[in-house]
4 protein chains.
Amino acid sequence: MTTRKNSTAAPPKAKRATASGSASERRDHLVKLAAEIFARKGFQATTVREIANEAGILSGSLYHHFDSKETIVDEVLSTFLDDLIARYRAALESGGEPRAVLSEMVRIGFGTLEPHRAAITVMQNDWNYLRQFPRFNYLVKAEDDVEQMWVKQIKAGQGAGQFRADVDPKLTYRMIRDTIWVAVRWFRPGGRLNTTGLAEHYITVLFDGLATGERSTQPKA
Amino acid sequence: MTTRKNSTAAPPKAKRATASGSASERRDHLVKLAAEIFARKGFQATTVREIANEAGILSGSLYHHFDSKETIVDEVLSTFLDDLIARYRAALESGGEPRAVLSEMVRIGFGTLEPHRAAITVMQNDWNYLRQFPRFNYLVKAEDDVEQMWVKQIKAGQGAGQFRADVDPKLTYRMIRDTIWVAVRWFRPGGRLNTTGLAEHYITVLFDGLATGERSTQPKA
Amino acid sequence: MTTRKNSTAAPPKAKRATASGSASERRDHLVKLAAEIFARKGFQATTVREIANEAGILSGSLYHHFDSKETIVDEVLSTFLDDLIARYRAALESGGEPRAVLSEMVRIGFGTLEPHRAAITVMQNDWNYLRQFPRFNYLVKAEDDVEQMWVKQIKAGQGAGQFRADVDPKLTYRMIRDTIWVAVRWFRPGGRLNTTGLAEHYITVLFDGLATGERSTQPKA
Amino acid sequence: MTTRKNSTAAPPKAKRATASGSASERRDHLVKLAAEIFARKGFQATTVREIANEAGILSGSLYHHFDSKETIVDEVLSTFLDDLIARYRAALESGGEPRAVLSEMVRIGFGTLEPHRAAITVMQNDWNYLRQFPRFNYLVKAEDDVEQMWVKQIKAGQGAGQFRADVDPKLTYRMIRDTIWVAVRWFRPGGRLNTTGLAEHYITVLFDGLATGERSTQPKA
DNA sequence: AATGAATGAGGCTTCATTCAT
DNA sequence: TATGAATGAAGCCTCATTCAT
């Protein structure tokens with residue numbers, strides 16, 4: 001009735017070693033389990049009972065660790081965003097030329113697809129629902145911060161003559177962002193391309209286009 | 001609240017001939033109302049009571065029109081998909097060269113953003129949840145059909161030397177598709193660009209890329 | 001599973017007559033049932049399931065009539081207070097001399113003991129708990145209104161020389177009020193005294209005191 | 001949070017001799033804390049976690065001191081009742097005349113308002129709920145004992161011609177009792193009157209009545 | 001004595017759906 | 001077609017209590 005998973009395989013001692021661990025390790029483990037289910041079924045369709053079952057405890061016991069179901073998804077999302085923003089900042093601080101920085105940002109984006117697959121999926125699917133709650137206002141803030149980083153680089157690239165001047169920076173950012181994140185819907189590790197391959201593929205098309213030969217439209221700048 | 005007892009008296013046929021004509025009109029109206037709410041709040045977060053309220057009736061009364069909540073969203077999605085596929089087919093049957101056809105398909109895609117905004121939003125946000133029900137299997141089928149149309153054109157374009165040969169057709173399709181549909185999340189009529197402008201903007205970047213000057217990578221074919 | 005009470009005794013037709021009735025009759029009936037249980041067990045110790053069981057329906061069905069458990073107790077209390085204040089106002093508007101009016105108010109107070117026994121009990125026992133919720137602020141308001149009515153009469157009586165001047169009007173009111181309401185804890189219809197008898201007994205002691213012979217302290221006025 | 005492992009090393013006896021002396025002091029402290037919260041929020045609305053928080057420990061740790069939540073409130077109430085009955089007995093044993101003894105009992109009652117405010121509040125508000133549990137039967141017994149003391153004095157007063165004979169002793173007792181205890185709801189130290197003042201105020205009204213001039217009804221005896 | 005994790009029962013509430021009228 | 005009352009299942013959460021450490 002207690003341990004439901006991994007119960008018959010591991011020796012008792014190993015089990016105890018797993019069950020203990022630092023206070024927040026347990027919490028992190030639970031967040032990870034929850035994230036997977038949220039990603040698979042959607043936040044609303046996921047019951048706290050499912051999360052608890054997956055962890056081998058009763059649903060009420062979850063509330064020893066979290067205030068509410070919202071708190072859990074909050075931790076899922078904020079963990080991802082914190083990591084993402086930190087990576088972006090590092091890329092910006094490298095001080096490279098715009099095209100190189102932007103390429104790196106694309107790589108960073110695709111690079112989160114695997115480690116943060118669940119969180120990105122939740123953000124894609126449940127964002128619309130979650131944002132109606134005041135507690136998730138910070139998500140909008142984070143989104144704005146990220147947008148500024150991208151738009152700034154695109155504009156810098158246009159100023160430096162690296163990017164065509166006849167595209168809208170904000171619009172372009174949105175298209176890039178969506179193309180990256182939405183890939184989480186169909187990308188599965190182990191397919192033809194890994195996320196690095198995906199990134200390079202996209203960088204190619206993004207910068208040089210799908211067409212061959214001469215560019216049909218020339219930049220105005 | 002209105003007519004309450006006219007069920008057993010009048011002959012069914014006569015009644016339908018007179019009072020009807022709006023038989024399916026009423027139904028369509030309800031579907032449209034529901035679609036808007038589904039789009040705004042998500043399918044699961046939308047209660048049948050909300051839909052009924054919006055229509056000025058009680059929730060139980062909805063069941064004179066639809067078997068279930070799923071039936072309503074089903075109608076929302078299938079109406080959109082039927083229209084979309086019909087348009088794609090028309091573009092394909094025009095028999096133009098691949099690049100022209102693909103451009104037209106992009107235009108068609110962006111062109112559905114306004115008339116089918118609600119349906120597209122629902123498909124984006126609730127697809128993950130809905131697909132777990134067998135009744136929505138046909139959605140997967142429709143998605144596959146559409147994918148084939150696109151991939152065929154991309155391959156044709158590569159064969160004709162119009163498109164670079166070093167990109168993956170299926171992957172490219174998915175990125176195009178995602179870029180278009182996901183725009184429904186932020187596109188609002190009345191902004192800087194209408195959907196036609198959006199389409200042209202994207203076609204430019206898609207075919208010629210973001211960069212200026214020489215293409216850094218050359219097609220292998 | 002549906003009708004649990006009065007099911008075997010009454011003929012089917014009678015039952016239907018009971019089950020229907022005007023929309024608010026059903027609601028009033030439920031409120032009355034709930035009031036009895038609240039009085040017997042306390043508001044918090046009463047579960048919505050108990051209320052629903054008593055009414056022969058499922059707990060969820062209660063929410064067809066009421067927003068919440070609080071709404072039910074709200075209706076219990078406000079019904080009582082509305083009636084009480086109306087009666088007090090009528091007594092005040094009779095325009096009698098203070099001692100007569102005050103006597104009448106005492107009679108009114110004891111007079112509510114039977115028809116509003118449940119509500120008064122709830123107010124006595126659960127007031128402390130309920131007042132913490134903003135929605136019950138109006139209870140405090142009603143209490144203040146009533147206090148003003150009483151205090152005004154006591155002061156008037158002192159001004160007219162009918163009541164001793166060396167007592168505090170507000171304090172005296174509180175003691176009278178509490179003595180009346182708190183009787184709901186032990187008063188049971190069918191005992192030695194009915195509520196009229198109780199009222200007269202209290203009026204006697206209230207005005208003339210428990211002692212015999214000369215009053216040991218004289219009014220200062 | 002503090003000492004965590006000193007259980008198996010030291011001999012129990014030595015430990016108790018040193019660290020203890022506050023064995024029951026700690027317990028009494030916890031009871032006092034609990035009483036305050038019970039009074040403020042009601043017994044049922046008070047969680048063991050709140051009590052533990054107030055004491056700076058975790059809720060589970062409370063169970064090293066008490067078997068259950070009921071045990072705590074039991075201690076709150078019985079402590080008060082033991083003290084009250086002892087005081088009453090002392091007054092009775094003084095052997096004064098009925099009116100003097102009764103006055104003293106009124107003073108004792110009001111005198112408990114401050115030192116036992118919390119316990120009295122709990123008894124007022126949660127009596128109805130608590131009495132349904134067999135373990136609190138002794139409360140009813142104590143209540144009966146007290147009633148007998150009062151009624152005996154009232155009857156003695158009537159027999160001695162000090163109190164009017166046309167009042168019901170039991171009924172009179174109840175009204176006096178209620179008037180005193182219920183004052184706990186609004187009495188706050190530091191107001192116009194302290195409990196001594198309250199007592200004298202009430203004694204005046206109780207024996208001589210609110211009215212001035214001749215008594216309108218005369219005792220029959 | 002205290003911690004911290006868990007239990008198990010139960011509470012209030014929501015909601016899609018049904019059905020007699 | 002619509003109403004209004006009800007169902008029944010389920011959901012999130014609370015809380016007194018237990019127990020190994």
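Two residues are in contact when they have heavy atoms within 4.5 Å. Keep in mind that this is a predicted model.

**Exercise 1.** Find how many residues of chain D and of chain C are in contact, and which residues of chain D lose the most area.

*Solution.* Start with the contacts: 52 residues of chain D touch 50 residues of chain C. Next, take the area buried between chain D and chain C, which is about 4,800 Å², with carbon and sulfur atoms giving 54% of it. Within chain D, the residues losing the most area to chain C are D:Met175, D:Trp186 and D:Leu210, together 16% of what that side buries.

**Exercise 2.** Describe the polar side of this interface, and name the helix of chain D with the largest share.

*Solution.* First, count 29 residue pairs in polar contact between chain D and chain C. Then look for salt bridges: the rule finds two across the interface. D:Arg192 forms a salt bridge with C:Asp168, and their closest N and O atoms are 3.1 Å apart. Finally, H8(D) supplies the largest share of the side of chain D that touches chain C, with nine residues.

**Exercise 3.** Explore the largest nonpolar core and the surroundings of D:Phe38.

*Solution.* This core has 71 residues, and D:Phe38 and D:Trp150 are among those touching the most other members. Helix H4 (residues 69-93) of chain D gives the most to the core, 10 residues. Now leave aside neighbours within four places in sequence: the contacts of D:Phe38 include D:Phe43, D:Ile72, D:Val76 and D:Val122.

Note on methods: Residues numbered from 1 in each chain as written. Chains lettered and ligands numbered in written order. Predicted model: local features only at pLDDT ≥ 70, side-chain atom pairs only at ≥ 80, totals over all residues. Heavy atoms only, no water. Core = buried A, V, L, I, M, F, W, Y, C linked by side-chain atoms within 4.5 Å. Buried < 20%, exposed > 50% of the residue type's maximum accessible area, 1.4 Å probe, protein only. Helix = DSSP H or I, 4+ residues; strand = E, 2+ residues; numbered from the N terminus. Buried area = accessible area lost by both parts, 1.4 Å probe. Salt bridge = Lys/Arg side-chain N within 4 Å of Asp/Glu carboxyl O. Polar contact = N/O pair within 3.5 Å; in protein donor to acceptor, adjacent residues only side chain to side chain.
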